Amino acid sequence: MPASKHDINALKEFKEEQTVIDLLNGKVLIADKAFNSKGLKEELKKLCIELEAIKKGKIHHKQKKKQTFLKTIRKKIETTFSRLKYMGIESIKAVSLEGFLAKIHFFILALQFKIILKV
């Protein structure tokens, strides 16, 4: 996906792909403020995908814990992506989907070793 393309537009395109729908079926998709759209949430719900987006602006006190949790998880995800990017995950070349997924798994495994060994 080109960097110039906004994430929400990419998601709208991906929701047309059956492979992506199957992969996310029954899962929770944690997103940032840009995805905070009731219409998008309803569209994804029809596809059995739950969208949990961080809220914009003031948060009702009942939602405070949930929003804090979502922000914490989102930060961990962003940090992990940054570390994988630093390790060179963007330069993966694969002939098949299985090969691509195997290489992603190896990168994640290598990152886990780096974390455990504090390298």
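In strand E2, Glu 52 is the bridge partner of Ile 30. Helices and strands here are DSSP runs, numbered from the N terminus, with at least four residues (H or I) for a helix and at least two (E) for a strand. This is a predicted model, and local features need pLDDT of at least 70, side-chain atom pairs count only at pLDDT 80 or more, while totals for chains, interfaces and linings use all residues. Residues are numbered from 1 along each chain as its sequence is written, and side-chain values use heavy atoms, with hydrogens and water left out.

Start with the overall layout. The protein has 5 helices and 2 strands, and from the N terminus on these elements follow the order α-α-β-α-β-α-α. Of its 119 residues, 18% are buried. Buried stands for a relative accessible area under 20%, exposed for over 50%, and partly exposed for anything in between, using a 1.4 Å probe and protein chains only. Contacts, meaning heavy atoms within 4.5 Å, can also be sorted by sequence distance. Among those with a separation of 6 or more, 31% come from residues 24 or more positions apart.

Now for the two strands. Strand E1 takes in residues 28-31, and it pairs with E2 in the parallel sense over 4 bridges; for strands to count as paired, DSSP has to find at least two bridges between them. Val 28 sits opposite Glu 50 of E2. The loop between H3 and E2 holds Cys 48, a residue other than glycine with a positive phi, near 65°. Cys 48 is partly exposed, at a relative accessible area of 46%.

What makes up the largest nonpolar core? It has 7 residues, namely Ala 31, Phe 35, Leu 40, Leu 44, Ile 49, Leu 51 and Ala 53. Helix H3 (38-46) and E2 are the elements that give two or more residues to this core. Membership follows a simple rule: a nonpolar core is a set of buried Ala, Val, Leu, Ile, Met, Phe, Trp, Tyr and Cys residues joined through side-chain atoms within 4.5 Å.

With neighbours within four places in sequence set aside, Glu 52 touches Val 28, Leu 29, Ile 30, Ala 31, Lys 66 and Leu 70. One of these, Lys 66, is also joined to Glu 52 by a side-chain polar contact of 3.0 Å. A polar contact is a pair of N or O atoms within 3.5 Å; within protein, one must be able to donate a hydrogen and the other to accept it, and residues adjacent in sequence count only if both atoms are side-chain atoms.

The Glu 52 and Lys 66 side chains also meet in a salt bridge, at 3.0 Å from N to O. This pair links distant parts of the chain, with Glu 52 in strand E2 and Lys 66 in helix H4 (residues 64-87), 14 residues apart. Lys 66 is partly exposed, with a relative accessible area of 36%. The salt-bridge rule asks for a side-chain nitrogen of Lys or Arg within 4 Å of a carboxyl oxygen of Asp or Glu, and by this rule the count comes to 2.

Another salt bridge joins the side chains of Glu 78 and Arg 74 (2.9 Å, N to O). Both residues lie in helix H4, 4 residues apart, or about one turn of the helix. Glu 78 is partly exposed at 35% relative accessible area, whereas Arg 74 is buried at 16%. Leaving aside neighbours within four places in sequence, Arg 74 is in contact with Ile 30, Ala 31, Asp 32 and Ile 54.

Helix H5 (residues 97-117) is where Ala 110 lies. Ala 110 counts as partly exposed because its relative accessibility is 31%. The C-alpha atoms of Ala 110 and Met 87 are separated by 9.1 Å, with the two residues 23 apart along the chain.
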